[in-house]
Amino acid sequence: MTDGITLDSRGAEAVRDAAERVVTAVATVIDGKDGVIRSALAVMLAGGHLLIEDVPGVGKTMLAKALARATGGTISRIQFTPDLLPSDVTGASVFDQSASRFEFKPGAVFANVVIGDEINRASPKTQAALLECMEEGQVTVDGASWPLPDPFLVVATQNPVDMEGTYVLPEAQRDRFMARISMGYPDEDAEREMLRSHGRVDPIERLESVLPAGGLADLAAQARDVYVSPAVETYVLRIVGATRNHSEVRLGASPRASLQLLRAAKATALIDGRDFVLPDDVDALAVDVLAHRLVLRRTGVDVREGQAAAAARVVRQVVAATPVPLQ
């Protein structure tokens, strides 16, 4: 497979097979969560970043590690705490006495997959250190810019409970994440399999890359070339536009949301072995890509429902009310 993975030279079947190998490999570590794995892979191929919000112990960090190993990427993990400094994330200039000059020492963000555990436990100043990294793929320190590895994916986690001592991610930070997903508890069969397989040895230690050198970059490049019809483009714009005019929404999805929803849909189509986007691709991703960007009016949130569930409900309403293009 040294000739690369492309829709042109190897066909849609080869691309789908490559994506399936990644999903199957990660599934040996994360049991019973193929849908979540596919969503995470789609975000990675689309050049986005992923926010995983769920209760402790369901495999959020393990998913990120497995995805990096299966695709052959380098991994870095940052434990976000209140005393974490921005320089711990990005790096800093250190004076080299022997050379009598400052030398840049890269921080933990210099990796293909950066795992940010409990991102909302760090101060807003430290959270903001990720803004340039996530948007522009570079770090600027003392006036000099340093490019980050390509591909570059931030997988941040946060818990929806135990919020004492945390800093809520501001709208600008949430908007940098292409999608927010939840792992959810495994079903009984998947959890039983986890007890058997993880009880002897950690399966992630046996996990190796299932893509050839440069295979991930090939897939990402193909995702950018997936065809989107004008009708599907209009469908995306109408869904996003409707979030801005919904009676329960104070701040709707941004233009960046339109772009990222389309990119994620293109990556999903590629994973399914297609070189074109269907409206179904958009529908399947709308909640994950749009809900975390919405700011609802206070009157639109039932205390028993919660902000996240209310935002997801609004997006589902918008999708259901938006006519599906016929061509």
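In this predicted model, Phe 110 has a relative accessibility of 23% and therefore counts as partly exposed, since burial requires a value under 20%. Phe 104, at 12% relative accessibility, is buried.

A search of the whole structure returns three aromatic pairs. In one of them, the ring centres of Phe 95 and Phe 102 are 5.2 Å apart and the planes meet at 65 degrees, so the geometry is edge-to-face. Phe 104 and Phe 110 also form an edge-to-face pair. The two pairs are set out below.

| Pair | Centre to centre | Angle between planes |
|---|---|---|
| Phe 95 and Phe 102 | 5.2 Å | 65 degrees |
| Phe 104 and Phe 110 | 5.9 Å | 65 degrees |

Phe 95 is partly exposed at 42% relative accessibility, whereas Phe 102 is exposed, with a relative accessible area of 58%. Ring pairs join Phe 104 and Phe 110 with Trp 146 in a cluster. Another ring, that of Phe 276, has Arg 274 over its face, at 5.7 Å from the ring centre.

Turning to the strands, β2 spans residues 75–79 and pairs with β5, residues 113–117, in the parallel sense through five bridges. Ile 75 has Val 113 of β5 as its bridge partner. Ile 75 belongs to the uncovered face of β2, together with Arg 77 and Gln 79, while Ser 76 and Ile 78 make up the covered face.

Strand β8, residues 153–158, contains Thr 157. With a relative accessible area of 2%, Thr 157 is buried. Beyond its neighbours within four places in sequence, Thr 157 contacts Ile 52, Lys 60, Gly 116, Asp 117, Glu 118 and Ile 119.

Definitions and conventions: Residues numbered from 1 in each chain as written. Predicted model: local features only at pLDDT ≥ 70, side-chain atom pairs only at ≥ 80, totals over all residues. Heavy atoms only, no water. Helix = DSSP H or I, 4+ residues; strand = E, 2+ residues; numbered from the N terminus. Buried < 20%, exposed > 50% of the residue type's maximum accessible area, 1.4 Å probe, protein only. Contact = heavy atoms within 4.5 Å. Pairing = 2+ DSSP bridges. Phe/Tyr/Trp six-rings, centres within 6.5 Å; stacked < 30°, edge-to-face > 60°. Lys NZ or Arg CZ within 6 Å of the ring centre and 35° of its normal.
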